[in-house]
Amino acid sequence: MKRIIVIPSTRILAIIWVLSLFIILILTISINTNPTVEAKFVFSKKWGTQGSGNGQFNDPSGITIDSSGRLYVVDTGNNRIQQFRLVNPCPSGTTQIVAGVCFVRSWGSLGTGNGQFNKPLDVALDSAGRVYVADLGNHRIQMFRGTGAFMKAWSTDGPGSTQFNSLTGIAVDASTNDIYALDKGDSTNPPYMHKFQLSSACPNGATKVVSGVCFISKWEIGDSTEPPGFNFSPRGVGVNSLTHEAYVSLKRETPHQYWIYRYSSSGTKITEWGGFGGSTDGKFSNPNGIAIDSIGRVYVADSRIQSFLMANPCPSDTTQVTPGVCFVTKLVPGGIPIDVAIGLPSGRLYALDQYDNSIQEFVWKADVGGTGGAGGGISPNVVPK
């Protein structure tokens with residue numbers, strides 16, 4: 001004879017309740033780990049007005065940041081460099097500009113002497129915190145300690161060579177301390193990329209230009225396949241310290257277009273992307289400064305800021321622009337950014353607006369909701385899977 005077990009109704013309800021909680025938990029985990037969750041840069045703060053005081057600017061054109069949260073700005077119209085600390089509260093000896101932004105020092109004035117400038121345009125840092133400035137009007141590169149103390153300057157790429165014509169950009173490979181200087185050229189000279197190396201003894205094939213600096217190579221910016229009279233006007237440069245590749249933003253005439261060129265460390269062009277496209281992802285209307293983050297994403301300051309990842313195939317949450325180039329994010333700050341810095345403090349982006357004489361800070365936020373943000377769900381400091 002079979003035994004029939006009767007389960008009280010209260011116990012049945014309890015079992016159903018527990019199973020319901022389990023199902024809800026599973027669904028919650030699934031939703032929270034969904035790789036398509038929206039994420040984007042969110043505005044944090046802004047500082048700067050036109051003027052010559054601390055924290056004020058006059059047509060600033062370049063910006064960069066180090067791993068300790070020290071921000072350097074090329075204050076072009078005031079012929080100086082300004083340095084800030086991004087901390088709160090401000091350390092002794094600094095001045096708070098806005099919460100979390102502390103003015104540290106500035107150096108420079110109009111002139112031709114050491115530590116003076118004539119329309120400086122760009123700034124870069126090496127792994128030891130030394131500061132390099134593209135001094136346009138004086139046709140030279142100047143090198144400083146992080147304190148602003150002058151170290152050295154040079155205006156050629158080797159003995160007997162001509163001066164730089166029009167230095168518009170400078171970048172440093174933080175893993176090798178190779179220096180890349182972008183020369184726009186002039187009506188009689190084509191644009192060039194000049195590559196230098198910090199070394200007490202120059203390697204074979206290199207040439208000493210000043211003590212501790214060796215000229216390695218240079219290459220013409222442009223395409224030999226283009227027809228005669230085709231003009232290239234380079235604007236900004238960035239270097240990937242993981243792959244040692246250089247990226248150049250440029251204007252290409254006939255027809256009027258804007259592009260990013262990607263070069264190997266020896267000057268071989270790997271790929272290009274862009275064209276005139278207004279608000280189209282992967283195209284540009286006026287690209288200038290370039291920054292590259294710790295995993296190799298390329299940020300371009302245009303009428304907005306776009307970022308790209310070099311990968312093939314493209315990861316999820318990115319879009320292929322051309323083989324090997326994936327569109328990741330876009331950010332449309334107020335104003336028109338001329339340069340961009342990305343890095344520490346963790347997940348922060350700084351957009352330099354030349355026309356508004358200001359800097360905007362954006363912080364990466366996950367799951368902020370909404371559509372069409374700067375998202376893609378990929379943090380600036382996390383390698384996408």
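Let's start with Ser44, which sits in strand E1. One caveat before going on: this is a predicted model.

Is Ser44 buried, partly exposed or exposed? Partly exposed, at 35% relative accessibility. The cut-offs matter for that call: buried means under 20%, exposed means over 50%, and partly exposed is in between. At 35%, Ser44 therefore falls in the middle class.

Now look at what surrounds Ser44. Set aside its neighbours within four places in sequence. That leaves contacts with Glu361, Phe362 and Val363. Take Phe362. Ser44 and Phe362 are 318 residues apart in sequence. In space, C-alpha to C-alpha, they are 5.1 Å apart. Then take Glu361. The side chains of Ser44 and Glu361 make a polar contact, at 2.6 Å.

Next, the disulfides. How many does a search of the whole structure find? It finds 3. For the record, a disulfide is a covalent bond between the sulfur atoms of two cysteines. Count the bonded cysteines along the chain and the pattern reads 1-2, 3-4, 5-6. I'll go through them in chain order.

Start with Cys90 and Cys102. Their sulfurs are 2.1 Å apart, and a disulfide joins them. This pair links distant parts of the chain, 12 residues apart. Cys90 is in the loop between E4 and E5, while Cys102 is in strand E6, residues 101-107. What is the handedness of this disulfide? The torsion about the S-S bond is about -90°, so the disulfide is left-handed. Accessibility for the two ends: Cys90 is partly exposed, with a relative accessible area of 24%. Cys102 is buried, at 0%.

Next come Cys202 and Cys214. A disulfide joins them too, with an S to S distance of 2.1 Å. Which parts does this pair tie together? Cys202 lies in the loop between strand E13 (192-198) and strand E14 (207-210). Cys214 lies in strand E15, residues 213-220. So the pair ties together parts that are 12 residues apart in sequence. With -95° about the S-S bond, the link of Cys202 and Cys214 is left-handed. Cys202 counts as partly exposed, at 30% relative accessibility. Cys214 is buried, with a relative accessible area of 0%.

Then Cys314 and Cys326. A disulfide joins this pair, again with 2.1 Å from S to S. Here, too, distant parts of the chain are linked, 12 residues apart. Cys314 is in the loop between E22 and E23, and Cys326 is in strand E24, residues 325-331. The torsion about the S-S bond is about -95°, so this disulfide is left-handed. Cys314 is partly exposed, at 22% relative accessible area. Cys326 counts as buried, at 0%.

Asn88 and Pro89 are joined by a cis peptide bond, with omega about 5°. Where is Pro89? In the loop between strand E4 (80-85) and strand E5 (95-98).

Another cis peptide bond joins Asn312 and Pro313, with omega about 10°. Pro313 is found in the loop between strand E22 (305-310) and strand E23 (319-322). Cys314 is in that loop as well.

Now the positive phi values. Asp59 has phi near 55°, positive in a residue other than glycine. Asp59 lies in the loop between strand E1 (39-47) and strand E2 (62-65). Remember that E1 is the strand of Ser44. Is Asp59 buried or exposed, or in between? In between: Asp59 is partly exposed, with a relative accessible area of 36%.

Asn79 also has a positive phi, near 50°. Asn79 is placed in the loop between strand E3 (70-75) and E4. Its accessibility is 10%, and Asn79 counts as buried because the cut-off is under 20%.

To recap. Ser44 touches Glu361, Phe362 and Val363. The disulfides run 1-2, 3-4, 5-6. Cis bonds join Asn88 to Pro89 and Asn312 to Pro313. Phi is positive at Asp59 and at Asn79. That's my tour.

Conventions:
Residues numbered from 1 in each chain as written. Predicted model: local features only at pLDDT ≥ 70, side-chain atom pairs only at ≥ 80, totals over all residues. Heavy atoms only, no water. Helix = DSSP H or I, 4+ residues; strand = E, 2+ residues; numbered from the N terminus. Buried < 20%, exposed > 50% of the residue type's maximum accessible area, 1.4 Å probe, protein only. Contact = heavy atoms within 4.5 Å. Polar contact = N/O pair within 3.5 Å; in protein donor to acceptor, adjacent residues only side chain to side chain. Disulfide = S-S within 2.5 Å.
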